[in-house]
Amino acid sequence: MAPPAVAEFPNDTKPVVAASVMKLANELTVLPEKFVKAVGERPVTAHNDYCKEIPVISLKGIDNESERARIVAEVGRACADWGIFQIVDHGMSAVLMKRTMETVLEFFKLPVEEKLKCAAKPGDFPVGYASGSHRASDDVLDWREFMAHRSLPKAIRENDISTWPDKPEHYRKTLVEYCDACDGLVTALLGLISESLGLPTNYIKNFVGGDDADQKMILNYYPQCPMPDLTLGLRSHTDYGTITVLQQDQVGGLQVYNADRRKWVTVEPIPGALVVNLADQLQILSNNKYCSVMHQAIVNSNHTRLSIATLSNPNAMSQMGPAPELLSAENPAKYRTYKFKEYLPICIAKKATNHCDAVAL
Ligand code: OGA
Ligand code: NI
């Protein structure tokens with residue numbers, strides 16, 4: 001069967017949605033060439049071959065002095081060894097987590113014409129619905145559909161929310177509740193991470209702009225795929241901001257690159273748990289003590305998969321770089337300072353595969 005025409009866009013001025021990947025998944029038995037990754041980028045570890053060593057940390061007793069010391073130590077080790085960990089007993093309502101997943105799934109199951117009412121507009125990234133890739137200029141597409149929202153600070157959300165889906169009916173209300181809950185969790189996590197670096201509890205929260213920090217939600221829907229070994233649901237990347245909290249269903253597909261073992265390993269879905277991964281600004285702030293983990297999502301031929309990534313980013317004007325309190329003659333700065341809004345343009349201009357390298361000294 002000839003691969004279906006996926007529109008070719010010469011530049012980023014054309015619409016971003018090439019074709020609904022979900023629609024392709026339901027119609028095709030052969031993977032269109034546009035989605036075939038280069039040999040070295042294809043999956044090597046199965047979506048359900050779970051790595052049991054990625055830390056799972058209980059936050060129970062976070063406000064109790066001795067328990068907190070245990071939690072801070074575990075978080076510090078996880079940030080240094082993995083850059084990713086899972087949390088349980090985190091206090092986020094199980095009902096809210098479930099309701100949010102169900103609501104998002106309902107959105108993706110709407111007819112494509114309905115979803116396209118919220119289509120990302122050229123130059124508008126990262127807001128709206130897109131499929132395959134958010135950059136019209138990408139040569140090879142990812143096997144996913146997604147929706148991106150600017151969810152914090154509140155003033156930005158209030159400005160954007162009329163562009164969020166109005167179907168299903170309770171979509172906006174549920175997502176607002178969910179992203180505010182994530183923000184509370186992020187404040188707690190940044191407190192633990194600050195303490196694990198020997199910094200005051202509020203240090204990182206203030207460093208990234210306090211209540212003016214930015215948050216984005218990326219809702220990822222990965223349809224089943226006719227040839228999952230040839231493609232990725234989401235290409236390998238590090239998150240560029242501060243920290244990401246991810247909720248996934250029980251299918252499996254999130255993988256992280258373990259530098260020590262030089263291999264990709266799959267994160268085990270644990271009911272009720274949230275995945276936490278460090279992003280570039282924490283690697284830089286910690287002067288490489290902690291790592292911004294390289295990760296990707298793979299797909300499979302039997303099941304669709306859903307994940308909700310809540311990305312916490314510094315305020316655009318916040319000054320980034322290594323925390324001066326951590327530097328010394330033995331530990332000189334490995335990165336320069338810059339305003340957060342300059343970070344992505346610098347990475348793009350330097351074509352840095354490893355983003356942090358773009359601001360390395
Ligand atoms: C992301 C991301 C992973 C996943 O949206 O940045 O890394 O499992 N998602 O969907
Ligand atoms: Ni990511």
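This is a predicted model: local features need pLDDT of at least 70, side-chain atom pairs count only at pLDDT 80 or more; totals for chains, interfaces and linings use all residues.
Figure 1. The peptide bond that runs from L152 to P153 is cis, and its omega angle is near 0°. A further cis bond joins K167 to P168, here with omega near -10°, and P168 is found in the loop between helix 5 and helix 6.

**Figure 2. The packing of helix 2 against helix 6.** Two packed helices are described by the angle between their axes and the distance between the axes. For helix 2 (residues 65-81) and helix 6 (residues 171-196), the angle is about 80° and the axes are 8 Å apart. Because angles of 65 to 115 degrees count as roughly perpendicular, helix 2 is described as roughly perpendicular to helix 6. On the side of helix 2, the contact is made by R68, I71, V72, V75, G76 and C79, and on the side of helix 6 by G191, L192, I193, E195 and S196. Sorted by class, this contact of helix 2 with helix 6 has six nonpolar, three polar and two charged residues.

Figure 3. In UniProt, an unreviewed entry places the feature "domain: Fe2OG dioxygenase" at residues 212-314. The end C-alpha atoms of residues 212-314 lie 8 Å apart, and the span is 6% helix and 44% strand. N302 lies in the loop between strand 11 and strand 12 (305-313). Is N302 buried or exposed? With a relative accessibility of 62%, N302 counts as exposed, because the value is over 50%. From C-alpha to C-alpha, N302 and G209 are 43 Å apart in space, and in sequence they are 93 residues apart.

**Figure 4. Two asparagines with positive phi values.** N287 is found in the loop between helix 8 (280-285) and strand 11, and N288 has its place in the loop between helix 8 and strand 11 as well. The phi angle of N287 is near 55°, which is a positive value in a residue other than glycine. For N288, phi is near 80°, again a positive value in a residue other than glycine. N287 is buried, with a relative accessible area of 3%, whereas N288, at 36% relative accessibility, counts as partly exposed.

Figure 5. V88 has its place in strand 2, and D89 lies in the loop between strand 2 (84-88) and helix 3 (94-108). V88 is partly exposed, with a relative accessible area of 23%, and D89 likewise counts as partly exposed, at 46% relative accessibility. If neighbours within four places in sequence are left aside, V88 is in contact with V56, I57, S58, L59 and A273, while D89 touches S58, L59 and K60 when residues up to four places away are not counted. The C-alpha atoms of V88 and G272 are separated by 6.9 Å, although these residues are 184 residues apart along the chain. For D89 and Q248, which are 159 residues apart along the chain, the separation of the C-alpha atoms is 16 Å.

**Figure 6. M317 and its contacts.** M317 is found in the loop between strand 12 and strand 13 (319-320), and at 46% relative accessibility it counts as partly exposed. Which residues does M317 contact, leaving aside its neighbours within four places in sequence? The contacts of M317 are with K339 and K341. M317 and K341 are 24 residues apart in sequence, and their C-alpha atoms are 6.4 Å apart in space.

Notes:
Residues are numbered from 1 along each chain as its sequence is written. Chains are lettered from A and ligands numbered from 1 in the order in which they are written. Side-chain values use heavy atoms; hydrogens and water are left out. Axes are lines fitted to C-alpha atoms, for helices over the stretch in contact, and angles run from 0 to 180 degrees between N-to-C directions. Helices (H or I, at least four residues) and strands (E, at least two) are DSSP runs, numbered from the N terminus. Angles under 35 degrees count as roughly parallel, over 145 as roughly antiparallel, 65 to 115 as roughly perpendicular and the rest as oblique. Contact means heavy atoms within 4.5 Å. Ala, Val, Leu, Ile, Met, Phe, Trp, Tyr, Cys and Pro count as nonpolar, Asp, Glu, Lys and Arg as charged, and the others, Gly among them, as polar. UniProt positions are given in the numbering used here, feature names are shortened, and annotations may be inferred rather than shown by experiment. Buried means under 20% relative accessible area, exposed over 50%, partly exposed in between (1.4 Å probe, protein chains only).
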